[in-house]
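Subject: Structure handover

Hello,

Here is the structure we talked about. Please open it beside this note, and read on below for what was found.

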Amino acid sequence: MDHYTPESPQPRGLQMARSMCWHCQSAVTGEYFCERCVKVQPVSKETDHFTCLGFPRRLTLDPKKLEAKFYELSRTFHPDFYQTKSPAEQTISLGNAAVLNTAYRTLRDPIQRAEYLLALETGSVKDIRTSPPAELFEEILELQDTLEEFRSSDRDSQEGRELRAVLETEQRGLEQRRQEMEAQLHQLFTDWDQLQDRGEATSPAREERDRLLKHMRDLLSNRTYVTSIVNDLAATIA
Amino acid sequence: MAYSDKVVDHFNNPRNMGSFKKDEDGIGTGMVGAPECGDVMKLQIKVQNDTIVDAKFKTFGCGSAIASSSLATEWLKGKTIEEAQQIKNTDIVQELNLPPVKIHCSVLAEDAIKAALADYQKKADGEASGTK
């Protein structure tokens, strides 16, 4: 067994390939139903979440439109509406409903959406090599020592109260930094979408694309580290 | 899902927790993180005559990450640089009986070992060529 790496997604061309209708064998041209025999068609598990919900690969999606589309498709595929249909159609509706739920759960959260888009665009997280943020790591590990001291101290003692005050200040500082990171991320999301909308295939455009992906990767990672220590802080001093 | 006895043992009695001063002679420092889960690991080695005479770690993360780095420091002590290069994450998985969802913790430990060795090598090379 070698290093664990998540499977890289299929190339985009393959995901969009339409097969024949499973029922009447005609070439399926409709989005979710066969245009000839009107049978429901399975959404392939290889279909990316954006395509599944009928949205372009963008990072600033209107949450209301996303929700509306999700509800619409939920009704379309809901297994309750297939109870009188054939077993094959029931199975397809169930599968589609599951794929749809996963897609919506991922895309409705901006951070998860960005993580997902990065995975689609670059393969696994580890494919973008970034240097670890050494200063942030040192800070986290030092903070952990303080947390450990606090855990083993008598909380009502002078020392315990002082440590708590230190940790509370740290927590506020880190939460502030996380908000700043999120603000930066949202700016990058807008930059990314604008770049995609321009659709240029020039080499400056490609450089800009790589720069944005790397910057987003860094910020998303650092945000995860900060979130992780903030949660630990909050749970300990609560 | 329960942790194996060995993981629990390393978690409750971590070996070689702590740190060396980074700029001391013969110290190699590896600092790595897992952006997927937010775990952070620092692993340091102390080298004399091509042999690792001491190792220390600090880890912020789950039980498996702590156990993996604790075990790594135990294994590193007494090994030559070359022997240390051979340590694989799969060895750690096997020894600690890590479930599939925790394999990334062992990968992190292997990355930390590699980073510490590389850092030591870089410092040693710098000294040899007198550029320090």
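In chain B, 63% of the contacts with a separation of 6 or more are between residues 24 or more positions apart. Two residues are in contact if their C-beta atoms, placed from the backbone, lie within 7 Å.

Two notes on the basis. This is a predicted model, in which local features need pLDDT of at least 70, side-chain atom pairs count only at pLDDT 80 or more, and totals for chains, interfaces and linings use all residues. Residues are numbered from 1 along each chain as its sequence is written, while chains are lettered from A and ligands numbered from 1 in the order in which they are written.

Chain B

Chain B has 5 helices and 3 strands. Their order along the sequence is α-β-β-β-α-α-α-α. The radius of gyration of chain B is 14 Å, close to the 14 Å from the globule rule for 132 residues, so chain B is as compact as a globular protein of that length. That radius is taken over C-alpha atoms, and the rule is 2.2 Å times the number of residues to the power 0.38. The C-alpha trace of chain B spans about 55 × 30 × 25 Å along its principal axes. Of the 132 residues in chain B, 45% are buried.

Some terms, for reference. Helices (H or I, at least four residues) and strands (E, at least two) are DSSP runs, numbered from the N terminus. A residue is buried if 20 or more other C-beta atoms lie within 10 Å of its own, exposed if 12 or fewer, and partly exposed in between, with C-beta atoms placed from the backbone.

The sheet in chain B

The 3 strands of chain B form an open sheet in the order β1-β2-β3, with antiparallel pairing. Two strands pair if DSSP finds at least two bridges between them. β1 (27–34) and β3 (51–60) of chain B are the edge strands, and each pairs on one side only. Neighbouring strands of this sheet are turned by 15° against each other on average, direction ignored. Axes here are lines fitted to C-alpha atoms, for helices over the stretch in contact, and angles run from 0 to 180 degrees between N-to-C directions.

Strand β2 (residues 39–48) of chain B pairs with β3(B) over 9 bridges, in the antiparallel sense. Gln44(B) has Lys56(B) as its bridge partner in β3(B). Lys42(B) has Lys58(B) as its bridge partner in β3(B). The hairpin of β2(B) and β3(B) has 2 residues between the strands, and Asn49(B) takes a positive phi near 50° there.

Is β3(B) largely enclosed or exposed? 7 of the 10 residues of β3(B) are buried, so this strand is largely enclosed by the rest of the structure.

Helix α2 (residues 63–76) of chain B lies across β2 and β3 of chain B and runs at about 170° to β3(B). Helix α5 (residues 103–128) of chain B packs on the sheet and touches β1 and β2 of chain B. The direction of α5(B) makes about 145° with that of β1(B).

Glu127(B) sits in helix α5 of chain B. Glu127(B) is exposed, with 12 other C-beta atoms within 10 Å. The C-alpha atoms of Glu127(B) and Asp25(B) are 9.7 Å apart, although 102 residues separate the two along the chain.

Chain A

Chain A has 8 helices and 0 strands. Of its 238 residues, 18% count as buried. In chain A, 60% of the contacts between residues at least 6 apart in sequence join residues at least 24 apart.

Chain A is divided into domain 1 (12–125) and domain 2 (131–237). These bounds come from an automatic or database domain assignment. The C-alpha centres of the two domains of chain A lie 33 Å apart. 10 residues of domain 1 of chain A are in contact with 10 residues of domain 2 of chain A. The domain 1 side of that contact has 4 nonpolar, 2 polar and 4 charged residues. Ala, Val, Leu, Ile, Met, Phe, Trp, Tyr, Cys and Pro count as nonpolar, Asp, Glu, Lys and Arg as charged, and the others, Gly among them, as polar.

Where the chains meet

Best wishes
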